[in-house]
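I opened my notebook for a friendly look through one protein chain. Here is the structure I had on screen.

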Amino acid sequence: MVTSDPSRRLTRTDADYIDVIHTDAGVLGLPISVGHADFYPNGGRALQPGCQPSYLVQIRLVDQIFACSHVRAWRLYAESVRNPGAFPATKCRSWRGPNKTCNFTRDGVMGFPNNKQARGQFYLLTNFKAPYSKTVFQQTTD
C-alpha cells in the first residue's frame, strides 16, 4: 500500500543521498518527491510505455500487466549500469498538461551514474522496450 506517512516509507533523511525513480506513481509507487533527487520517466505515471495491457497480451506477458510499470524502475536502473549516459534528464517546473514549460536540457543523469549532486525533480522520456534510453536529441523531438 502506498503511503504518504513519512514514518512508513523512504525519506531523504534515511541516508546521505537518496535518488528515486518514479515509474508507478499512485499505484505501487509514490506520486510525491521523497529523495534528494526524484526522477520521473514519462512523467512517473502508472502506465509506462510498453506496459499497455494490449501490448503485454500480444507479446505473451499477461502476468506482468499489474506490475509492469512498477518493475520498470529497476529495469531502467539496470540499463543505466550497462550504459552510464543512457538517461539524460531535465529539471522542469511544469512537465504535464497545456502549460508544459519544459525545454529539455541535460540537467542530470538518472540511475547509476547520478553524481549525487543532483537535487530536485527531473524528467525524461523512455522507449517502450529495451533499450529504454533516449538521447538528448530524442528527448527534444518526441
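Below are my entries, from the whole chain down to single residues.

**Entry 1: ground rules.** I noted that this is a predicted model, where local features need pLDDT of at least 70 and side-chain atom pairs count only at pLDDT 80 or more, while totals for chains, interfaces and linings use all residues. Residues are numbered from 1 along each chain as its sequence is written, and side-chain values use heavy atoms, with hydrogens and water left out.

**Entry 2: the elements.** I looked up the helices and strands and found three helices and five strands. Both are DSSP runs numbered from the N terminus: helices are H or I with at least four residues, strands are E with at least two. Reading from the N terminus, I wrote the order down as β-β-α-α-β-β-β-α.

Entry 3: The chain has 142 residues, and 43% of them are buried (under 20% relative accessible area with a 1.4 Å probe, protein chains only; exposed is over 50%, partly exposed in between).

**Entry 4: contacts along the chain.** I counted a contact when heavy atoms lie within 4.5 Å. Of the contacts between residues at least 6 apart in sequence, 52% join residues at least 24 apart.

**Entry 5: aromatic pairs.** How many aromatic pairs does the structure hold? I found two. Rings of Phe, Tyr and Trp (its six-membered ring) pair if their centres lie within 6.5 Å; planes under 30 degrees apart are stacked, over 60 edge-to-face, the rest tilted. Phe-39 and Phe-122 are stacked, 5.0 Å centre to centre with 20° between the planes. Phe-39 sits in strand S2 (residues 37-41) and Phe-122 in strand S5 (residues 120-124), so this pair ties together parts 83 residues apart in sequence. Phe-39 and Phe-122 are both buried.

Tyr-40 and Tyr-123 are stacked too, at 5.4 Å centre to centre and 20° between the planes. This pair also links distant parts, with Tyr-40 in strand S2 and Tyr-123 in strand S5, 83 residues apart. I noted that Tyr-40 and Tyr-123 are buried.

**Entry 6: Ser-69.** Is Ser-69 buried or exposed? I found Ser-69 in helix H2 (residues 68-82), and it is buried, with a relative accessible area of 4%. A polar atom of its side chain lies 2.5 Å from the backbone oxygen of Ala-46. Leaving out residues up to four places away in sequence, Ser-69 touches Thr-23, Asp-24, Ala-46, Leu-47, Gln-48 and Cys-51.

Conventions:
A polar contact is a pair of N or O atoms within 3.5 Å; within protein, one must be able to donate a hydrogen and the other to accept it, and residues adjacent in sequence count only if both atoms are side-chain atoms.
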